[in-house]
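These are my notebook entries on one structure, kept in the order in which I looked things up. The sequence and the model come first, and my notes follow.

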Amino acid sequence: RGKQFLSNRPPRLDQAEKPLDIVMEAPTGMKGSETSRLAEAEKPLENDAMAPAPIKGSAGIKSESTALEERLKAWRLQMAQEREWHPWNIFNNKVLHVLAEKKPVSLQELFNVDGFEEDKVEEFGTDILKIIRD
């Protein structure tokens with residue numbers, strides 16, 4: 001019996017758990033209008049405080065920040081696919097928005113972004129700074 005070593009790397013996509021399909025049924029005895037109210041309660045609110053604020057800009061024209069976010073998303077997806085990781089293991093959408101907003105210009109500024117530890121700055125920092133500069 002050999003020793004087991006734990007890795008601090010995120011699980012590969014083929015090792016990740018599959019999402020569960022959950023089917024909710026109305027409790028017995030509920031009438032049609034009661035079941036529709038139950039379904040209505042599960043819908044996200046339009047003015048949800050947790051929802052990201054819309055990006056302001058000209059209609060039909062992407063703002064500079066949005067274009068940068070798209071470039072960062074594409075790069076993140078490529079890096080995740082190469083490593084067989086989920087994209088959010090590189091960085092999540094909240095960090096992506098912060099990067100596009102603050103546009104760090106040095107590894108130190110990148111390290112100061114919440115969600116970027118030393119290992120991520122070392123592994124991805126120069127690529128991210130290049131994307132932000134371009």
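**Entry 1: a salt bridge**

Which side chain does Arg83 meet in a salt bridge with an N to O distance of 3.0 Å? I looked it up and found Glu123 as the partner of Arg83, a salt bridge being a side-chain nitrogen of Lys or Arg within 4 Å of a carboxyl oxygen of Asp or Glu. The pair links distant parts of the chain, since Arg83 is in helix α2 and Glu123 is in helix α5, 40 residues apart; helices here are DSSP runs of H or I with at least four residues, numbered from the N terminus.

**Entry 2: what kind of model this is**

I note that this is a predicted model, in which local features need a pLDDT of at least 70 and side-chain atom pairs count only at pLDDT 80 or more, whereas totals for chains, interfaces and linings use all residues. Residues are numbered from 1 along each chain as its sequence is written, and side-chain values use heavy atoms, with hydrogens and water left out.

I then checked the pLDDT, the predictor's confidence in each residue from 0 to 100. The chain averages 73, and 51% of the residues score at least 70.

For accessibility I used the relative accessible area with a 1.4 Å probe and protein chains only, where buried means under 20%, exposed over 50% and partly exposed in between. Glu82 counts as exposed at 52%, while Arg83 is partly exposed at 25% and Glu123 is partly exposed at 30%.

Lys130 forms a salt bridge with Asp134, and their closest N and O atoms are 3.1 Å apart. Here Lys130 is partly exposed at 46%, and Asp134 counts as exposed at 59%.

**Entry 3: a buried charge**

How far from Arg76 is the nearest side chain of opposite charge? I found Glu70 at 8.9 Å, and Arg76 is buried yet has no salt bridge; for charges, Lys and Arg count as positive and Asp and Glu as negative, while His and the chain ends are not counted. Arg76 has its place in helix α2, residues 64-83. Leaving aside residues up to four places away in sequence, Arg76 touches Pro87, Ile90, Phe91, Asn92, Asn93 and Leu96.

**Entry 4: the nonpolar core**

I next looked at the largest nonpolar core, which has 20 residues; such a core is a set of buried Ala, Val, Leu, Ile, Met, Phe, Trp, Tyr and Cys residues joined through side-chain atoms within 4.5 Å. The elements that give two or more residues to this core are α2, α3 (93-102) and α5 (118-133). Among the residues with the most contacts inside the core are Leu72, Trp75, Phe91 and Phe116. Beyond four places in sequence, Leu72 touches Phe91, Leu96, Leu99, Ala100, Ile128 and Ile131.

**Entry 5: the aromatic rings**

I counted 3 aromatic pairs, where rings of Phe, Tyr and Trp (its six-membered ring) pair if their centres lie within 6.5 Å, with planes under 30 degrees apart counted as stacked, over 60 as edge-to-face and the rest as tilted. The rings of Trp75 and Phe91 have centres 6.1 Å apart and planes at 15°, so this pair is stacked. Trp75 is in helix α2 and Phe91 in the loop between α2 and α3, 16 residues apart.

The rings of Phe91 and Phe116 have centres 5.9 Å apart and planes at 40°, so this pair is tilted. Phe116 lies in the loop between α4 (107-111) and α5, so the pair ties together parts that are 25 residues apart in sequence. Phe91 is buried at 2% relative accessible area, and Phe116 is buried at 4%. I close with the cluster: Trp75, Phe91, Phe116 and Phe124 form one aromatic cluster.

Terms used. Contact = heavy atoms within 4.5 Å.
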